[in-house]
Amino acid sequence: MLQNLHVKNLALIDEAEVDFSEGLNVLSGETGAGKSIIIGSIGVALGEKVSKDIIRKDADYALVELIFSVDGPVKKKLAALDIPMDDEQVILTRRITGGRPIAKINSESVSAAKLKEAAALLIDIHGQHEHQSLLNKKNHLQILDSYAKKSLHSILQKLSDTYHDYSVIRKELKEAEIDAGQRERELSFLQYEVEEIENANLIKGEDDELEAQYKKISNSQKIMGSIGQVYKLTAENGAAELTGHAVQEISGVSGYDEQLRSLESQLMEIDNLLNDFNYELTNYIQDAEFDEERFYEVEKRLDLINELKAKHGGSIEKILSEYEDKKERIEKLSDYDAYLSGLRQDVEQKENQLAQLCEKASKIRKKAALELTKKIKSALIDLNFLDVQFELQFTRKKEYSANGFDEVEFLISTNPGEPLKSLTKIASGGELSRIMLAIKAVLADCDEIGTLIFDEIDTGISGRTAQMVSEKMNVISSKHQVICITHLPQIASMADSHFLIEKSAKRNKTVTNIRKLNEDESIQELGRMLGGAKITDTVLQSAKEMKDLAAATKNSLI
């Protein structure tokens, strides 16, 4: 669950810190107080895209930090993603500066992709406009697959892998079906290239050796000029002769002083090293000569290798790899009918495997769909859809895909006698919100994600329906931590922890703050939500009664 949220320098937030609890955490406040900023800050920490202007004015950076407590199953999944673990806690941090945002998990820098992978295991945010995704039936299959993931996951993985192989072979077959003239031209050109590489007799690493030889030979004149000068400076008339005289001089007096004997020993060592150096230098000079024929051979060989590199790759290894590929292609084209026949057999075999896996996936989905729609219908009845019918309609796509051949669509009838219709026919945002809440409630029962966030999904509902939505929220919060931004007192009264988001002026700046309310403060806030600007004693009494009724309801639902 989400234990702590720390936000600094983000939009209207100067600095805020919240400790969330288990159960239902409700965030309320007046319109414009910054409720969306709080939930938005959580989204920032989870890897959502951000703009530079999200940083608070006059601040150099913005920071959001989330601290989660995790249990065994989630901890194993995080470990499988190579997420660094610190006991039973996961700390997600995102720092935004003028440049690129920096994301960290448990103080170790991670990519935005890795951050989102980890976040998907920890928290699920449902925004006030997400229910509109129900209008796109492509999302309906994702909902069904989420419900059936335990029995469906391995099949979908095999299906995806098989479809990838099938696509690769189909592409190869399509590209292979060329006319005889084109095949002959390609075969002739390939044979020419293979012969060209074979005649070169390439040896791995020879280009480096030849480059070194070419460098030495082409600079031989400069080398010999410098070496001659070195010999002149260090040999008979140079340093060697002078060092020899120095040895004679110090040897004549070294017997008088122990310290001079040590210096004599050092000087004699220098003299020996210099004589050895000159001996080797003399041999180098005697052996060195400019071989014009060898220079021509090296240059010609390098030209050939570089020409082949330009055609087939930047190294001898790549040239040889291309050589093997071209020989394989020649073999296929030489026995073209057998090659095509083999490809067609492979495509047919993969297509059969694909068909079997699609059938298995569809069978699992159809069984799961009966369970899912039954549960969603029950949840919808709880949310004041009294005579609702809810089903999943299956159709088959014309072609296979990586997730099978199923297309599904939710159908609903909200009034007796009315035929089932697509969700796209539902105009009410309030109805869509309740349908999404019902789906989330059902998925929550089979989901290991510890924290669910609902951002004003109660839009467009009131009265008895609002009360039933609050009860459904309470049921979900018995199995998951729920964080909910709401404008409805019915939902706020159910809170296990109630937080107030408010805006204030601070040093000529507008800032958004969040604080946890005690019992009396929560009743006062409920009064504001019930009565608006003027909170009378009667309104406060109604707020207290609502709070007491919520407590009784919570106890009866346990």
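Student: What radius of gyration does the chain have, and what would a compact globule of 558 residues have?

Tutor: This is a predicted model, in which local features need pLDDT of at least 70, side-chain atom pairs count only at pLDDT 80 or more, and totals for chains, interfaces and linings use all residues. Residues are numbered from 1 along each chain as its sequence is written, and side-chain values use heavy atoms, with hydrogens and water left out. The radius of gyration is taken over C-alpha atoms, and the globule rule is 2.2 Å times the number of residues to the power 0.38. A compact globule of 558 residues would come out near 24 Å, but the chain has 39 Å.

Student: Over the face of which residue does Arg 434 lie?

Tutor: Contact means heavy atoms within 4.5 Å, and Leu 380 touches both Phe 385 and Arg 434, among others. A charge sits over a ring if NZ of Lys or CZ of Arg is within 6 Å of the ring centre and within 35 degrees of the ring normal. At 4.1 Å from the ring centre, Arg 434 lies over the face of Phe 385.

Student: Is Ser 470 buried or exposed?

Tutor: Ser 470 lies in helix α15, which covers residues 463–477. Not counting residues up to four places away in sequence, Ser 470 touches Gln 490, Ile 491 and Met 494. Because its relative accessible area is 0%, Ser 470 counts as buried.

Student: How many helices and how many strands are there in the chain?

Tutor: Along its principal axes, the C-alpha trace of the chain spans about 120 × 85 × 40 Å, and 42% of its 558 residues count as buried. The chain contains 18 helices and 15 strands.

How values were computed. Helix = DSSP H or I, 4+ residues; strand = E, 2+ residues; numbered from the N terminus. Buried < 20%, exposed > 50% of the residue type's maximum accessible area, 1.4 Å probe, protein only.
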